[in-house]
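Hi everyone, thanks for making time. I'd like to walk you through one model today, so let me put it up on the screen.

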Amino acid sequence: MSSLNNTFDELSALLDRHSIASDAAELQGMLTGMLAGGMPMDNKEWLGALADFINQSDALPVEVKRAVQTLFDQTCEQLKASDFALSLCMPDDASPINDRGQALVNWVQGFMLGFGLHQADLTRCSEDVKEALEDFSEIARMDEEMPENEESEQALFEVMEYVRMSAMLCFNELGAHRGPSAQANKTLH
């Protein structure tokens, strides 16, 4: 399995070749948001919903479908792992800081869109999830250039880590990742 840094470059280039305006970060953000918002991992309709948003409702080309399915599978596995394994699909650390910052903004915007497709009732959310979503809303609007320095690198790293952990928090609280036995245990007292 290639790293998600390689995946970012390869998938973004593939999307660009097919005139799809999204990048790999936004795509993974959208998928993660759908899953964190409660979409079951075995849902087969997510690809159509994704095509509606990233390809003007046209079916995705076969090559793009395959790559997106791989990203979806990787993201599901990472979210299910018990060791906080989610890895954001981003440009590698050698990329200019503003490219990485823009990718993070794209990821968060995708997350918010995907989350909103599957979670309309925020009254069920904990205060931590509500706060994370408010913070994501702020991050999604960030558009300031960052200087190439150690302080900016540290700040970007901290925001990326916060986004990563917050996405997992949302998934752990609202995601439909529990099997039938977990649901049964909830109702038995």
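This is a predicted model: local features need pLDDT of at least 70, side-chain atom pairs count only at pLDDT 80 or more; totals for chains, interfaces and linings use all residues.

Residues are numbered from 1 along each chain as its sequence is written, and side-chain values use heavy atoms, with hydrogens and water left out.

Okay, the fold. The protein chain has eight helices and zero strands; those are DSSP runs, H or I with at least four residues for helices, E with at least two for strands, numbered from the N terminus. Of its 189 residues, 43% count as buried, meaning under 20% relative accessible area, with exposed being over 50% and partly exposed in between, using a 1.4 Å probe on protein chains only. Now contacts, which are heavy atoms within 4.5 Å: taking those with a separation of 6 or more, 75% are between residues 24 or more positions apart.

On to the core. A nonpolar core here is a set of buried Ala, Val, Leu, Ile, Met, Phe, Trp, Tyr and Cys residues joined through side-chain atoms within 4.5 Å. The largest one has 52 residues, and Trp 46, Trp 107 and Phe 111 touch the most other members. Helices H1 through H7 each supply at least two residues of this core.

So what does Trp 46 touch, not counting residues up to four places away in sequence? Leu 31, Met 34, Met 39, Val 68, Gln 69 and Phe 72.

Over in helix H3 you'll also find Leu 50. Leu 50 counts as buried because its relative accessibility is 0%. Leaving aside neighbours within four places, Leu 50 is in contact with Leu 27, Met 30, Leu 31, Met 34, Asn 55 and Val 68. The C-alpha atoms of Leu 50 and Leu 31 are separated by 8.3 Å, and the two residues are 19 apart along the chain.

H5 and H6 pack at an angle of about 135°, with axes 8 Å apart; axes are lines fitted to C-alpha atoms, for helices over the stretch in contact, and angles run from 0 to 180 degrees between N-to-C directions. That makes H5 oblique to H6, as angles under 35 degrees count as roughly parallel, over 145 as roughly antiparallel, 65 to 115 as roughly perpendicular and the rest as oblique. Residues making the contact include Phe 111 and Phe 115 of H5 and Leu 133 and Phe 136 of H6.
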